[in-house]
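Let's take a friendly walk through a protein fold. Have a look at the model below, and then we will go through its parts together.

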Amino acid sequence: MASKQASKSLRRGSKGSAGGRSLPYPVMPALDGDGPIWQQIRRALADPILNGEWPPGTRIPTEALLTERFGISRMTASKAVQQLVADGLVQRRRKVGTLVSERALERPVFEIWDIADLVARNGAVYAYRLLECRKLGPDPERRELLGVSVRTPLLWMRCMHLSDGRPIQLEERLINIDAAPNITCQPLETQGPSSWLLSHVPWTDAEHKISAREAPPEVAAELQVNPGTACLVVDRRTWNQSTPVTLARLWHPDSRHNLVGHFRPAR
């Protein structure tokens, strides 16, 4: 089991150095067993960074060591490390390795679980249904939400996520085709947009807005609730540098969903 292997030390002497100092690898924290293995590794590496156990300049285990330790592919290890880079927690240094960022403690990480993983962790059966997918026309109101011009090609889609056959999340999403050049409706027929985008499109910044809203009739019909029912709504926008990538509006019916954020203060 990967989580059992994680308790073993990864402390080895490194060939790199910073300021003439040797950069040994720190002890690898244990995995928590929740969700995809790359996310578990990401959290295991982020935790000692955020709580100050790994100070700035600490060299984190290489992708090769992570691959060997957990019996995973190099691509999976790379995804975990690349997300830490995107979070601003680590930085890559040529001929040295990947080091904890100088300003890592200033970057709190708020992670919203992939809905499929959340349903599975709650012991239910997940299902996905694509409701609508098409290229968007002029539609200035939606384009303004994403912050793109009328000339930018956009994909508009709606999909439903279900838990044991019951709607748990209605997803409405705009995707900048220029920022995700291989995106079409075809892969979204069987795969949720979040997982596809995470695997194919880099992002550097994300913004979350959480609110309570009454379900309009069309949303209520999809979620199988009465119009006007209070819903938890998450608006999530992502960018790759200054380029808008996607805007997702996630509708959750009444008490069927909750969000949990776990943080530690800087020491």
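This is a predicted model: local features need pLDDT of at least 70, side-chain atom pairs count only at pLDDT 80 or more; totals for chains, interfaces and linings use all residues.

## How strands pair

Strands 6 and 7 form a hairpin with two residues between them. In the turn, Asp-164 has a positive phi of about 50°.

In which order do the six strands of the open sheet lie? The order is 5-6-7-10-9-8, and the pairing is antiparallel. Strand 5 (126–135) and strand 8 (205–214) are the edge strands, each pairing on one side only. From one strand to the next, the twist averages 15°. Helix 7 (residues 193–200) packs on this sheet, where it touches strand 5, strand 6, strand 7 and strand 10. The direction of helix 7 makes about 40° with that of strand 7.

Now follow the pairing onward from strand 7. Six bridges link strand 7 to strand 10 (residues 243–253), again in the antiparallel sense.

## What is tucked away

Why is strand 7 (residues 166–176) described as largely enclosed by the rest of the structure? The reason is that 10 of its 11 residues are buried.

Helix 3 (residues 63–70) is also largely enclosed by the rest of the structure, because six of its eight residues are buried. These buried residues are Glu-63, Leu-65, Leu-66, Thr-67, Arg-69 and Phe-70. Just after helix 3 comes Gly-71, which takes a positive phi of about 65°.

## A closer look at Thr-238

Is Thr-238 buried or exposed? Its relative accessibility is 6%, and buried means under 20%, so Thr-238 counts as buried.

Which residues does Thr-238 touch, leaving aside those up to four places away in sequence? They are Trp-203, Asp-205, Ala-206, Thr-243, Pro-244, Val-245 and Thr-246. Thr-204 is 34 residues from Thr-238 along the chain, and their C-alpha atoms are separated by 7.5 Å.

Terms used
Residues are numbered from 1 along each chain as its sequence is written. Side-chain values use heavy atoms; hydrogens and water are left out. Buried means under 20% relative accessible area, exposed over 50%, partly exposed in between (1.4 Å probe, protein chains only). Helices (H or I, at least four residues) and strands (E, at least two) are DSSP runs, numbered from the N terminus. Two strands pair if DSSP finds at least two bridges between them. Contact means heavy atoms within 4.5 Å. Axes are lines fitted to C-alpha atoms, for helices over the stretch in contact, and angles run from 0 to 180 degrees between N-to-C directions.
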